[in-house]
Amino acid sequence: MSPTAARHGATENSAVKDQRIKVRKTYKLYIGGTFPRSESGRTYEISDSRGTFLANAAMGSRKDARDAVVAARGAFEKWSATTAYNRGQVLYRVAELMEGRRAQFATEVVAAEGLTPARADNVVSQAIDRWVWYAGWSDKIAQVLGGVNPVAGPYFNISVPEPTGVVAVLAPQRSSLLGLVSVLAPIVVSGNTAVALTSEQRPLPAVTLSEVLANSDVPAGVINVITGRTAEVAPWLAAHQDVNAIDLAGAAGADDLVWAELERASAENLKRVLRPDVDGADAVEPDWSRTPDLTRIKAYLETKTVWHPKSR
Amino acid sequence: MGALTNASLTRWLHGLPGVDRVGADARAAGLGTRSIKTTAKAWAIDTAISMIDLTTLEGADTERKVHSLCAKAKAPDPGDPTTPQVAAVCIYADMVPAAVDALKGSNIHVAAVTSAFPSGRATMAVKLTDTRDALRAGAHEIDMVIDRGAFLSGRYLQVFDEIAAIKEVCAKEATRGDPAHLKVIFETGELVTYDNVRRASWLAMLAGANFIKTSTGKVSPAATLPVTLIMLEAVRDWRVLTGTQIGVKPAGGIRTTKDAMKYLVMVNEVAGEDWIDPAWFRFGASSLLNDLLLQRQKLATGHYSGADYVTID
Amino acid sequence: MAKFEYAPAPESRAVVTIRPSYGLFIGGEFVESVDGSMFKTISPSSEEVLAEVTEAGEADVEAAVRAARTAFDGSWGRLPGAERGKYLFRIARILQERAREFAVLESLDNGKPIRESRDVDIPLAAAHFFYHAGWADKLEHAGLSGGSGRPPKPLGVVGQVIPWNFPLLMLSWKIAPALAAGNTVVLKPAETTPLTALLFAEVCQQADLPGGVVNILTGAGQTGRHLVEHPGVDKIAFTGSTLVGKAIAGSIAGTRKRATLELGGKAANIVFDDAAIDEAVEGIVNGIFFNQGHVCCAGSRLLVQENVADDVIMRLKRRLQTLRVGDPLDKNTDVGAINSAAQLARIRDLAQIGEAEGATRWSAPCVLPERGFWFAPTVFTDVSQSHRIAQDEIFGPVLSVLTFRTPQEAVAKANNTPYGLSAGIWTEKGSRILWMADQLRAGVVWANTFNRFDPTSPFGGYKESGYGREGGRHGLEAYVTTEATR
């Protein structure tokens, strides 16, 4: 009910209602299935699109990033060994829980992005549908991207896609929910685990998404979410030797960040790098509402080819 | 046994039929879906209790601790004297005198772990002395460990010789007529593959084991249903081949009545009912007993019981 | 009396409510028949009457096809794939939620053990809907677009006729891909097993599936024939006997109707001397006694290498002593009832023929209930390739055992049949598995396993076992077209 409508139906009770003090949410990091504050103890202010204070978000540090990578690595063996069917089930359930929380997500998107409630509602629907789209890919990737190769000899030869490992992702700076989901889901659907650095100024929907993940069947460590200053944390992820791939989407529009530097740091252990679609601090983000292709799924897959002789 | 060489043993063991792990796991899981209810459950609970080797194998064990365990072995449920006694008490060799003393007058056996249990890493002389001392102190049963290092590096003849030597000590030190029965522990968690479990089973049976046993309980995974399946298949096939019956003891990690039921079903359907007897099948367990007692109480009273109604040992 | 008797462990029937009678499910509602009649469906394990169901007449078929056409031309046809997918996700979820209900009902109506309906049939049926839900909005990636890059189009109204051996599972194999691709369906379940299909209609209602997208017409051969021959049906999907499959192929000749046929089989389960012997024995048992042998891809011929034949047969007979035949609702039952008196008669006839031909008959000792339709698991040894029991599909718990000396001989014997649905290979040698798989003329080859199904894995036969595939990316092909106009 909108504030106006509530006042129209004013009674003594509603006058009291208007004065009710809300229990505000604390926004923390999501690492290894739990919600710690930053080990640095720091926070920073998040305001809505009109500059009104919303919350103090945890300011993630390089050590938080380090811990997140440890958690993601720890979760990788089991998550990648989970059957594609089970991964699909787990991810579909995340969508179910998102649907249940759509009002909360819509409120946060309005606050973060300054959209009208109707547009925010639409964005939330798209984000849920985007998650469902990716969930439905888990048991089809191998069929579309793998196959048998007709080698010239008495050998059975098959190519199979496998997840690369721990993937770091700089979530889009502006599209705080739809963009986030669009970069995160394709990482984990194929069995990778993720360390996500959220939008610097619009991190709150990501934290609410963490709450959904914590309540779903997504195992601890499969997805880790860090809020904080992109320019501070991103270089540590880009240089981390135990990270196998990095999505630089959030480098577009981030303050004090040159994504080429991140790519250079990534070269140290030959991370697979997904470059941002657009350049420059004032660049507009890609249109996240368009149905994706397989690029983001393929970016985090290795192809393994196996031979075996055939003979009686 | 003059003709036996490591080479011939190797060829024989490596020539045994392979185990398809996925298939074996599926068979074990399928047997685990059997639903044992009412009268069958009551009978199975009592049978399981009578098959337990009640165990304490801690560095901190003392005589008083062992006495307490033995008291429980004799009367597992003080509130219900119809409760069966366990088969044996399983302890470290130097605790044998305490156990023998505490179990005087009962039919419960004393089983001692020897041969540098649990690691098996010591000289043969130490392992033989260990065993001899346990027998002289009055142990009825010996649970020895194989040398896993020797096994995994392919020195099968050495493993064979060690089992045979300890079996010989059991025969030599027989003070009450029958030699102590020898259980051979494989530590299946370290052998890892089901093919290794099969090979270890046949090797131990050839060397004279009376019982083949999965684990020490000190390494995880300890006993599992599939590993026990492989061992039950081995003793079944050995009897067809030689006429000799050999027992099986899964040990470690069996905590609930549900687990115990699954094992009994497996014994029943894989080896056959001849093995459903404490002479041929044992559970190496400690906390299992209390769970069996809780289930036993529930069947008797009709309602769920709780930890206050079973004793700690 | 055995030392360890398992007490009765009955699954409760209370979870499912069976109505005294059922109409037809057309246009999203249960309606009365226009020109049909009523018949009874019984529980084959006790011969108890479970319910009265409708035999749909020709006018009923017309109404159903019309409802399907209206839905296709209307709401369903215009729906984006992503939304179609979400309906299928709902159906999958509801099947999971009501799994126990469906499992009990399936065992009652079909006669199969509750353990199988609970652990195999129902979970696989739900999985089929989940898998296909995800394809609904990804068809352009399935390699079926003929190079256009655009998603292929649905065909229209699909007529589907399914058998009695896996009623709900066969329903899911048919309906899930059809709907994912954007078609609408009219499905006829088998006359002896209509109940889970009728319960599925309730699931469609609970999922708010638009009326007419799924229509369920109960009935027998006549109803099926009317459906197959209806000019308003664009495609037929049939699983059943080779005899009827051939008739269907004949009846659509000269029309534009497409068909996929999944028919009978006489699969060879081939055991080599280096097989993992204990798992191979399980595979033989599973191959022919799972689902009472009512399986088109059953391993009904054991081809065992001659040098290990005696040992394998000894182990097999020993293993069969622990099979429990009895009440399908008992959780410990391994082998349930034969689905109908007619099928029991067929099995008995062929078993008699086997004896007369000179094969050696052996049955597992078991006490069969007095009421209901029962047949003890049976093994024929000394079977020759030219025996009828080596050629004809028995569709019951009867195994024919033949021997071979070399891999080539095994291949020759395995392929020497008009059928070609499935085959099994048991050996620890990888190269031999792959060579054998290459040589065997069968649509599904199981190596060191048997009777494994998955929604991602295409299933279907060579030769007279039918054509077309169900499941996987390949299974979508039958339900789409790349033609610009239809």
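Residues 24 or more positions apart make up 71% of the contacts in chain C with a separation of 6 or more, two residues being in contact if their C-beta atoms, placed from the backbone, lie within 7 Å. This is a predicted model, in which local features need pLDDT of at least 70, side-chain atom pairs count only at pLDDT 80 or more, and totals for chains, interfaces and linings use all residues. Residues are numbered from 1 along each chain as its sequence is written, while chains are lettered from A and ligands numbered from 1 in the order in which they are written.

**Chain C**

- Chain C has 16 helices and 19 strands; helices (H or I, at least four residues) and strands (E, at least two) are DSSP runs, numbered from the N terminus.
- Of its 486 residues, 59% count as buried, that is, 20 or more other C-beta atoms lie within 10 Å of their own, with C-beta atoms placed from the backbone.
- Along the principal axes, the C-alpha atoms of chain C fill a box of roughly 65 × 50 × 35 Å.

**Chains B and C**

- In this pair, 22 residues of chain B are in contact with 20 residues of chain C.
- Helix H2 (21–31), helix H3 (38–50) and helix H12 (257–271) of chain B are the elements that give two or more residues to the side touching chain C.
- H2(B) gives the most, with four residues.

**Chains A and C**

- Here 19 residues of chain A are in contact with 24 residues of chain C.
- Helix H4 (84–100), helix H6 (117–135), helix H7 (141–145) and strand S10 (301–309) of chain A each supply at least two residues of the side that touches chain C.

Definitions and conventions:
A residue is buried if 20 or more other C-beta atoms lie within 10 Å of its own, exposed if 12 or fewer, and partly exposed in between; C-beta atoms are placed from the backbone.
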